[in-house]
Amino acid sequence: MTNAPGQDLDSLYQEIILDHYKNPLHAGLRDPFEAEVHHVNPTCGDEITMRVHLDGADGVLRVSDVSYDALGCSISQASCSVMADLVIGKPVEEAMAIHESFLTLMQGKGQVEPDEDVLEDGIAFAGVAKFPARVKCALLSWMAWKDATTQSQGQTQEATNG
Amino acid sequence: MEGLLPQLGIVRKDFPILERTLAGGLPLVYLDSANTSQKPQVVIDTMVDHLERHNANISRAMHQLGAESTEAFEAARDKVATFIGAPSRDEVIFTKNASEALNLVANSLAWATGDLAIGPGDEVLITEMEHHSNIVPWQLLTERKGATLRWFGLTDDGHLDLDGPQGIDELITERTKVVSFTWVSNMLGTINPVAEITRRAHEVGAIVVVDASQSAPQMPTDLAAMEPVERPDVIAFTGHKVVGPTGIGVLWGRGDLLAQLPPFLGGGEMIETVRMEGSTYAPIPHRFEAGTPPIVEAVGLGAAVDYLGELGLGAVRDHEHAITAYALDGLATVPGLRVLGPLDAAERGGAISFELDGVHPHDIAQVLDARGVAVRAGHHCAKPAHARFGVQSSTRMSSYLYTTPAEIDALVEALEYTRSYFKLG
């Protein structure tokens, strides 16, 4: 693959990103779930519907499933796939920390060194942070997940208390 | 190539930004003029000169600078009136942009009483190809007044569906109070039959509002030359698409209609006299120009429309037609590419939206940008038109009077590169 002169396209379109774009993990909407959210990127029209299922059976509240139906560019689609794969099975608290770490990376203007132990495939998005117009693409699914998870926590707590 | 502007190379030198290079020393290929046009040196110089030598508030300063500034501002109104062939220069209202102009009309109609009042049972008719700026104000108006919003659908080839079962006979009725539509679509490029729709709307006494944002830059507009029954009652366009600055738009309206509409914004300049118990209002155009207007922007717009007048809008249209035809031919050679909208350059303006199988518009625009080719990707503020064609977004190239065939070649080559970058065939 030849690099375009000018901007460093290959730092944006890492192979990992293109792989996830072509074969997204955990795609599709599934039951059961406690919360479903619909987020859009108003400037470009990218959309995502996301469901989150939490489970506290073993005494720790975990992300049991993240399922989604998304329309968007390679960056937003790949980011969603990576995110779902990262957080499924993790305790909510740890998943929220991963979210925070990804957010820091994306808002770092390319100056933040990503931690592969925390972000795994998510480190491939380090290059996206250098393209300000694309940061929102990478964050769309992460924001939807946080929203849905927060709502699910409310639901789960209500169920426990009730 | 026939139809190109004579001395295109010299015309391009009028636009300093076209000389600049991008990251990696690449030349700029600017194909986003439907979004905003580039500015010729004369517009930039005129604005700088005004700020350096003539700056003062208008109409209220009793000094020499005030007189010069007022004269420059009002001269800009004369120039704009000439540009669109306005029957009267007092019918030209300066606004912030086309959106404000359209909102001004929709809001004033919401407050109108008597013949112009809109209420339950009344209908406002728009189209599915409108920019959001010509949809949302009418949604707000009809929602607030309990009226009904209706719209023309689109044919598969991107024209207004005027002849179908939900066509012009069905939709323009005694209930229709306003018909508002775009002259040229910003997404599909389609040129709409303004005279025909206007005539039909006038037969039922409806007010016709035309969004001229995309037509004013690239086609001659001569309102005075139109048959009165075929002449819209209101047109709106923005300065920054006609090689002028941002922050200035134009509303032209039939004088007796504007005089009948209630004011939009209240404040300085739009009054005749103010007492604590109530006020009376200035005649048009000042009636709709509350507060200090964008003075230097108006002066810049005056220089811009003068520049276009010098080139001749007929010559600009011929150029756009030639470039658009060349672009449609070039795009047709790219495998998996589908143009949205008419495929005949005679039926469309210079904005061409397209899809490319297997690559999202954002990714196309990103790769093109890395090659120095600037296009727009997204829904172009026309989500309903995209939904009509079953797409969420598209990539749009838009040429203008300074676009060369070589720049179209660069676009096509960059699209081929995009396909190879994403490993498509």
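1. **Basis.** This is a predicted model, in which local features need pLDDT of at least 70, side-chain atom pairs count only at pLDDT 80 or more, and totals for chains, interfaces and linings use all residues. Residues are numbered from 1 along each chain as its sequence is written, and chains are lettered from A and ligands numbered from 1 in the order in which they are written.

2. **Chain A, make-up.** Chain A has 6 helices and 3 strands. Helices (H or I, at least four residues) and strands (E, at least two) are DSSP runs, numbered from the N terminus. Read from the N terminus, the order is α-α-β-β-β-α-α-α-α.

3. **Chain A, size.** The radius of gyration of chain A is 16 Å; a compact globule of 162 residues would have one near 15 Å, so the two agree. That radius is taken over C-alpha atoms, and the globule rule is 2.2 Å times the number of residues to the power 0.38. Along the principal axes, the C-alpha atoms of chain A fill a box of roughly 60 × 30 × 25 Å.

4. **Chain A, burial and contacts.** Of the 162 residues in chain A, 40% are buried. A residue is buried if 20 or more other C-beta atoms lie within 10 Å of its own, exposed if 12 or fewer, and partly exposed in between, with C-beta atoms placed from the backbone. Take the contacts in chain A between residues at least 6 apart in sequence: 63% join residues at least 24 apart. Two residues are in contact if their C-beta atoms, placed from the backbone, lie within 7 Å.

5. **Helices 2 and 3 of chain A.** The axes of helix 2 (residues 15-22) and helix 3 (residues 74-87) of chain A come within 8 Å and cross at roughly 85 degrees. Axes are lines fitted to C-alpha atoms, for helices over the stretch in contact, and angles run from 0 to 180 degrees between N-to-C directions. The two helices of chain A are therefore roughly perpendicular. Angles under 35 degrees count as roughly parallel, over 145 as roughly antiparallel, 65 to 115 as roughly perpendicular and the rest as oblique. Helix 2 of chain A brings A:Ile17, A:Leu18, A:His20 and A:Tyr21 to the contact, and helix 3 of chain A brings A:Ser74, A:Ile75, A:Gln77, A:Ala78, A:Ser81 and A:Val82. By class, that contact of helix 2 with helix 3 of chain A has 6 nonpolar, 4 polar and no charged residues. Ala, Val, Leu, Ile, Met, Phe, Trp, Tyr, Cys and Pro count as nonpolar, Asp, Glu, Lys and Arg as charged, and the others, Gly among them, as polar.

6. **Chain B, overall.** Chain B has 14 helices and 15 strands. Its radius of gyration is 22 Å, which agrees with the value near 22 Å for a compact globule of 425 residues. The C-alpha box of chain B is roughly 75 × 60 × 35 Å along the principal axes. Buried residues come to 52% of the 425 in chain B.

7. **Helices 2 and 10 of chain B.** Helix 2 (residues 41-54) and helix 10 (residues 295-311) of chain B pack at about 150 degrees, with their axes 8 Å apart. They are therefore roughly antiparallel. The contact of helix 2 with helix 10 of chain B has 9 nonpolar, 3 polar and no charged residues.

8. **Where the chains meet.** The contact takes 19 residues from chain B and 15 residues from chain A. On the side of chain B that touches chain A, helix 12 (residues 361-370) of chain B gives the most, with 6 residues. By class, that side of chain B has 6 nonpolar, 9 polar and 4 charged residues.

9. **Helix 12 of chain B.** In this helix, 10 of 10 residues are buried. One of them is B:Pro361, which counts as buried because it has 26 C-beta neighbours inside 10 Å. Beyond its neighbours within four places in sequence, B:Pro361 is in contact with B:Ala377, B:Gly378, B:Ser393, B:Ser394 and B:Thr395. B:Gly372, with a positive phi near 90 degrees, follows helix 12 of chain B.

10. **Helices 12 and 14 of chain B.** Helix 12 and helix 14 (residues 405-421) of chain B pack at an angle of about 120 degrees, with their axes 9 Å apart. B:Ile364, B:Val367 and B:Leu368 of helix 12 meet B:Ala414, B:Tyr417, B:Thr418 and B:Tyr421 of helix 14. By class, this contact of helix 12 with helix 14 of chain B has 6 nonpolar, 1 polar and no charged residues.
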